[in-house]
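I opened the model today to look up a few things. My notes follow in the order I worked.

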Amino acid sequence: MDRIETKYPDYLNRKHTQKAKNLFKLYSSGKIKGVSYKIYFNSCNLEHVLFNELKDFTDDEKEDLADDFAEKYEGRVEEFIEFISQEDLIAPGTFKQTWRFIEKEKHSLERYTNMHLIFK
């Protein structure tokens with residue numbers, strides 16, 4: 001996928017611009033009122049990263065996929081970490097570098113995550 005199609009491009013552009021500004025503030029600061037945190041991403045959506053499927057899933061389909069995924073990796077933490085750390089899934093670099101990477105070009109529409117960094 002290399003683009004997003006919509007009947008309302010102006011609205012979508014405003015929405016994505018605001019979202020990008022908010023996410024930049026969140027990943028750059030790392031603190032809210034003295035509480036440290038990190039925010040991670042799955043580009044496009046979770047189903048894209050976990051199942052390599054990019055479509056408009058219904059809520060029921062999303063729930064079924066999430067249940068299937070949870071069952072597959074229940075009690076298998078190391079296997080999950082291996083999965084989420086696959087070379088073709090991970091955004092390259094340090095935490096902040098992964099965010100800069102996903103913001104560039106069309107990477108946010110491609111299949112990337114930085115969730116592997118949770119386990120480092």
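How far apart are the mean positions of the positive and negative charges of the protein chain? I get 13 Å, for 20 positive and 23 negative charges. I keep in mind that this is a predicted model.

**Fold.** Next I went through the secondary structure. I find five helices and two strands in the protein chain. Reading from the N terminus, I note the order α-β-β-α-α-α-α.

**Extent and contacts.** I looked up the span of the C-alpha trace. Along its principal axes it covers about 45 × 40 × 30 Å. Then I took the contacts between residues at least 6 apart in sequence. Of these, 56% join residues at least 24 apart.

**Surface.** I checked burial over the protein chain. Of its 120 residues, 28% count as buried.

**His48.** Where does His48 lie? I find His48 in helix α2, which runs over residues 46–51. Is His48 buried or exposed? The relative accessible area of His48 is 7%. The cut-off for buried is under 20%, so His48 counts as buried.

Which residues does His48 touch, leaving out those up to four places away in sequence? I list Ser43, Glu53 and Leu54. I also list Leu109, Glu110 and Arg111 as contacts of His48.

Conventions: Residues are numbered from 1 along each chain as its sequence is written. This is a predicted model: local features need pLDDT of at least 70, side-chain atom pairs count only at pLDDT 80 or more; totals for chains, interfaces and linings use all residues. Side-chain values use heavy atoms; hydrogens and water are left out. Helices (H or I, at least four residues) and strands (E, at least two) are DSSP runs, numbered from the N terminus. Buried means under 20% relative accessible area, exposed over 50%, partly exposed in between (1.4 Å probe, protein chains only). Contact means heavy atoms within 4.5 Å. Lys and Arg count as positive and Asp and Glu as negative; His and the chain ends are not counted. The place of a charge is taken as NZ of Lys, CZ of Arg, CG of Asp or CD of Glu.
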